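Please examine the structure shown below. The paragraphs that follow lead from the overall chain to individual residues.

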Amino acid sequence: MDAVRLIRDTRRALKSAWGEQNLIAEAWQTQALAEAVGSHLAQHGSPELRAGGFSVCEAGSRACGSAGPPGARVSSVRAAILTEVREPAGTLRELRDLLSELGVALVSMACSAEDEAVYWQCIEAVDAADDSKDRVCSLLREVEAGLQGEDGTE
């Protein structure tokens, strides 16, 4: 499945997530998707995308770890069905926006958290989403600079 479609599916799931565990699970799904997109670009992208793709993959991997989302089966990980990134710049823009929306949702949940453990889990997830978003933005700048160079515009 194309990355943009998966990102949009994840965005819908994030918007409909209710409760702490569902939001944390969607945060994990988002980071797994960042890892998968980065990995795909690192493995199959043009040479100039590979280092940045690896960086995005690394951030997503570090954020979601190997344990999997709370209460989810491996087969329920949306990122597992990623097969292609048709248009890297558009995909990275969509992923950047998803990570931004995730950060807002997590901050909102942290502000209303009554349990200190939930609060800190949200804060850690916000930090991870920010790191992934920073790396996505850096790669997006490289992609857009390359596109401008191809067009002959500056």
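Which pattern does the protein chain follow when read along the sequence? The pattern is α-α-α-α-α. The protein chain contains five helices and zero strands; helices (H or I, at least four residues) and strands (E, at least two) are DSSP runs, numbered from the N terminus. This is a predicted model, in which local features need pLDDT of at least 70 and side-chain atom pairs count only at pLDDT 80 or more, while totals for chains, interfaces and linings use all residues. Residues are numbered from 1 along each chain as its sequence is written, and side-chain values use heavy atoms, with hydrogens and water left out.

Of the 154 residues in the protein chain, 43% are buried. Here, buried means under 20% relative accessible area, exposed means over 50%, and partly exposed lies in between (1.4 Å probe, protein chains only). A contact means heavy atoms within 4.5 Å. Among the contacts in the protein chain with a separation of 6 or more, 77% are between residues 24 or more positions apart.

Two residues illustrate these terms. Ser132 is found in helix α5. Is Ser132 buried or exposed? Ser132 counts as buried because its relative accessible area is 0%. Leaving aside residues up to four places away in sequence, Ser132 touches Gln31, Ala59, Gly60 and Leu99.

Glu114, by contrast, lies in the loop between α4 (88-112) and α5 (116-151). Because its relative accessibility is 81%, Glu114 counts as exposed.
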